[in-house]
Every structure is written in C-alpha cells, then in structure tokens.
Amino acid sequence: MAQEDISVQGPHLGGVEAVRQLFSRLPVHVAVIGIVIVWSIPTIALLVSSFRDPGAVITSGWWNALRDPLDLTLENYNTVLSQRGMARSFANSLIISIPATLLVILIAAFAAYAFAWMEFPARNALFLITVALLVVPLQMTLIPVLRLYTNLTVETELPVLGGRMFGTSSYPGIWLAHAAYGLPFAVYLLRNFFGSLPRDLFESAYLDGASDRLVFFRIVLPLSMPAIAALTIFQFLWVWNDLLIALILLGDPDLAPMTLTITNLVSSFGTAYQLLTAAAFISMALPLVVFFALQRYFVQGILAGAVKG
Amino acid sequence: MIGRKWWTPWLWLSPSLVLLGVFLVYPTIDTFRRSFLDERSEKFVGFDNYRFIIDNPQALISDTHAALLNNLLWLTLFTAVTVVLGLGIAVLASRVRYEAVAKSAVFVPMAISFVAASVIWRFMYEFNTDVGTVNAALTSLGGEPTRWLQDTGAPQTWLTERGPDTMPSPLQLNNFALIFVGVWMWTGFAVVVLSAGLKGISTDLLDAARADGATEWQTFRRVILPILSPTVVVVATTLVIQALKKFDLVWVMTAGRFKTDVVATLFFKEAFVFRDFGVGAALAVVLLVWVVPIMLISIRRFQFQEEIR
C-alpha cells in the first residue's frame, strides 16, 4: 500500500542524481498534468461560463472572462434558482433518488446472499439470467411498463406521495422502476463480493446455530460496507442523472426531478447558454458531494472479488 | 450446511425476482414476440422486420446499416481507448505525489448528467471560434474551424490540410467527436477501478523485478499487466455493456442526425417517433444477441470463483 513514489531508491540521493531523476521522470509529470488539464477544461469552461454576463457568453469564449474576473456575476444562478419549480424539482430529485437507492441495495443484498451462500435448484441459471438482464436496453421495457402502470394507477389522499400511491406520476411507481433497473448490476456486484468472503466464517456461524437473518445482518452486511458504498454512489448517480425514466413515467410536472426541469429550461430558452450552464452546475453539485464523501470506500468496493479471482 | 426449509432461498430471492420479472423479463419476452408482428403489433409478419434491418430500404431516414456499423465502432473504439487510457493514467498517476488530485480530476465527468454534459460539449464543439473552445484552439494553431458534430468527412490531416469530405461509414469525424465525449465521461471509472487493483500488487514483487534488471516497460508488461488482468476484464465488460446500450449521449448531442445513429437511438426513433413497434422490437432483439459472448465470459468467471473458494 505504498502511497509514495515507488521509483525512489533511497533517502541519500546526491544532487546530481536528484537532477538526473527529475529529468528522467519529466515525461511522467508532463503526461499526468497534460491529461488532468485536458480532462478538466470542459468542466472549467462550464463553471466559468455560469458566472458570466448573459451577453458575454454568446459573443466571446469563456477564457476571456479570466482576464477581468471582476466582471463575473451571480445573476445566472439567481435567475435559474428563482425559476418557477426549481426548488421543488431539487426536492423531487432527492425524494426520488434516496429511497430508490436504498431499495435497490436492500433487495439486491437479499438476493446476492441467497445466490452466494444457499443451495437451491436452478441457482446458476437464475443468476445468469439476472446478469444477462444487465444489457436489456431500458427503452425496450418502457412501453409494457407504462401500459401496466396506466392500468394500476392508485389514487391516494396522502400528500407525501404526491397524490398517487402507485402507477404513473407516483413516487412509489418510479422508486420501484429505478430499483428494478438497478438490480442486475447490484446483484452482480454484491454476489461477487459476498462470494469472496471466507467460507469458514459462514460454517462456524451456522455451526453455532446462527440463523440466516443473523448471519446476513451481523456478518455479511458489515463486512461488505466497501461494496455497498460503491453501489450507493453508482445507484445514486444513475437515479439522480436519469432523464428517460422520469420523462416516460412521471407525467405530473409537480413531481419532475432536476433533469426534467433543466431539459424544459433548455427548450424554452433556446440558446440561453448562460442559464444552461448555471442549471447544469446546480444539477451536478450534489452528485459530486456524494462522490467525494464516499470516494475512499468506492475505491476498495468496486473490485468486489475481482482481485481475489 | 444448515438445514433450511426448501422455500427459504426463494423467500430471500422473491423481491428481486418479482421486480426483475415485471420490469425486465416480461418486457423482453413481449419485445421478442412483437419483433415478429407488424408495426401495430396486430398481424404476424414472420421475419419481415429482421429483413428490414438487413435490406435497409429506408436508408435516408432510418439507416439500419449505419446504426449497426456505428455501434460496432463504439463497441471497439470506445472500449479500447477507455481501457488503455484508464490503464495508462492509473499507472502514471501512481508514480506522482498528486495522485489523488489527478484521479479526482479524471473522475469528475462521471458524476455529470448527460444533460449537463451535452451543454458543456455543445460549447466545446461550437463552430464559432469566438465561443467554441476546440475550434478556437485549432485556429490559434493555424488550422481551420470544423463542424465537429455535423461533419461526416475525415478529420483534418494536419491543421490546414483537410481530409476527404465523406468517409465510408462509420469512420466519419462526428462519430469520433461523439466517442471522445464518451471516453471523457468514462475514463474516470476505468482509472479508479484499475488503480485500486494496482494498489493491491505487492511492492516487493515490483522491486524484485527491477532488481533483476527488468526495465519499466518489462515490469509493466510481464508483472503488472498479468496480475491486473481480472480487473481489466471487469472494466472492459462494464464498458462494452455501456457501449452497446449507448443512447443518452448520442440522443442529446445529435439525436442521431448526420449519420450518427446507433442501434439504441434508431430503436427509439422506430418505436416512439415512426411508431413502428415491429422494426423497433427487432432492433432491440439484435442488441440482445450481441450480448451472448459477454454472457459466456460472465458464466466462466462465475464458475471459476465457485471452484477456488
């Protein structure tokens, strides 16, 4: 787990040797810094543009703003955030993303535990079908699901659920849809991770008379925190950034998430670039916070058994 | 193992099986059925829809051949470039002190929604050199501005000298421009996963190789790469599935115009714009068929893990 430079030979380098090393490693620095710059330019361009004057954005490049930084303004953010329904759609995105993420992790973990540590007929076949479903294009499933939802729409008085218990334009409807679409990847990832936990652990627990429920909640879940954190980031990113499912299954503008509201902003303002940039930045801020908060787990978690075989 | 009731595994699996069944399995079977029916799913037409894909009678509005070829380009180029870049960046970044910063910079695009990414890249590829970053950089080096997303010709061979105006599908400039955006978004994923794998390699092993006189390249080729190969397979599989299902990016950037359609966007057009469910369903089935080899690899990895634990 050496964090430091692996090619450093020892602490007692002579001056000449140090200079020689710096030069021999120059290409590495140039390559890494070069890539970092190229990869960051689009995001920086977006960030700078979002603080510029509406007129300036369409007539001159974002790099001109760097010459006189005093010209920057918060006006765009003001306009976007005061846009009707923007605060509501931010809340909607949260109401949609958080339960959908928790739901998929819990349900997938149940299935992954059964696939990894229980014996039953057709186990391998069922697991393979689950993995194969990873590649089903979402668009393909939307017509049958929409037809089903239209028939099963249930009205309710509960205001928290947005007026509907199930079906189109209901929170539970879109939670279940996101959970289902996230399941194949989640089951695949978690089953790989659960399967790589040492067998002895389970056998001694079972011998001591532990039930499946106990083993699952006391051993499997705590040991799998890295994989679960990784999954949390992925699932949250996907649900938060989803446009297609929201577009088809949420007809009610009161329930629309950020992605949908921003897309509507795009079409109603046409080429109002300065608003688009501010809106885009607002929508990506939260996923970035989640990513940086969970980053260290994520690095270990995604490997999920890949390293061990 | 412990004595479980025969239905215990099914209890653990049931939430997953119900959701997968309703949202993915049933729609897939339904799509398969519709691929043999006419555009309104009323009359049996045999293999007519598949013949439509092969004969390509409406090449002007829905070019099935171009879509298949473009998908093939995405599948190979997107996957290969992202894996190679990811591996390169992971290895190079591990040799500098600012590794964490470099990796974060490359990962940020992963957290950006397709809506936000399309805003950024419309800016980057803008034809007007006062606004478009890429063309501004190109002209300041003495080149000519290019319509990156519309141009179906060849890239400029070197700055001022232009290539041919049309290229054999799918090797056209705008496809490469779109694939680059995909690479920009997904390289961070490859870097983070691969560098986690890299951290798992013991430094003693690398030191031993170097002490035996291996060059840096030989160490990479003969020691690092073989150990890292299972991780590379995980990354490549995820990317291939991404490339196959590629929809959002193409849809928000060009909507498939200028010959940039891929199978998923053409499917969306056939099913939702031209209202021909038959051809749409057949295209979706074609997409599923491409997945069989990937499934076979998954089966082998799964069985391998089962044997060694």
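Helix axes are taken here as lines fitted to C-alpha atoms over the stretch in contact, with angles between N-to-C directions running from 0 to 180 degrees. In the predicted model, the axes of helix 11 (residues 263-273) and helix 12 (residues 277-289) of chain B come within 7 Å and cross at roughly 160°. Angles over 145 degrees count as roughly antiparallel, and helix 11 and helix 12 of chain B are therefore roughly antiparallel to each other. The crossing of helix 11 of chain B with helix 12 of chain B is left-handed.

On the helix 11 side of chain B, the contact is made by V263(B), A264(B), L266(B), F267(B), E270(B) and A271(B). Their partners in helix 12 of chain B are F277(B), V279(B), G280(B), L283(B), A284(B), V286(B) and L287(B). Sorted by class, this contact holds 11 nonpolar residues, one polar residue and one charged residue.

Chain B as a whole contains 13 helices and zero strands. Its C-alpha atoms fill a box of roughly 75 × 70 × 30 Å along the principal axes. Of the 309 residues in chain B, 44% are buried. Among contacts in chain B between residues at least 6 apart in sequence, 62% join residues at least 24 apart.

Chain A is assigned two domains, domain 1 (15-80) and domain 2 (83-301). Their contact draws 12 residues from domain 1 of chain A and 11 residues from domain 2 of chain A. On the domain 1 side, helix 2 (26-50), helix 3 (54-59) and helix 4 (75-81) of chain A are the elements that give two or more residues. This side of domain 1 of chain A comprises seven nonpolar, four polar and one charged residues.

Conventions
Residues numbered from 1 in each chain as written. Chains lettered and ligands numbered in written order. Predicted model: local features only at pLDDT ≥ 70, side-chain atom pairs only at ≥ 80, totals over all residues. Domains from an automatic or database assignment. Contact = placed C-beta atoms within 7 Å. Helix = DSSP H or I, 4+ residues; strand = E, 2+ residues; numbered from the N terminus. Nonpolar A, V, L, I, M, F, W, Y, C, P; charged D, E, K, R; others polar. Parallel < 35°, antiparallel > 145°, perpendicular 65-115°, else oblique. Left-handed = near helix turned anticlockwise from the far one by under 90°. Buried ≥ 20, exposed ≤ 12 C-beta atoms within 10 Å, placed from the backbone.
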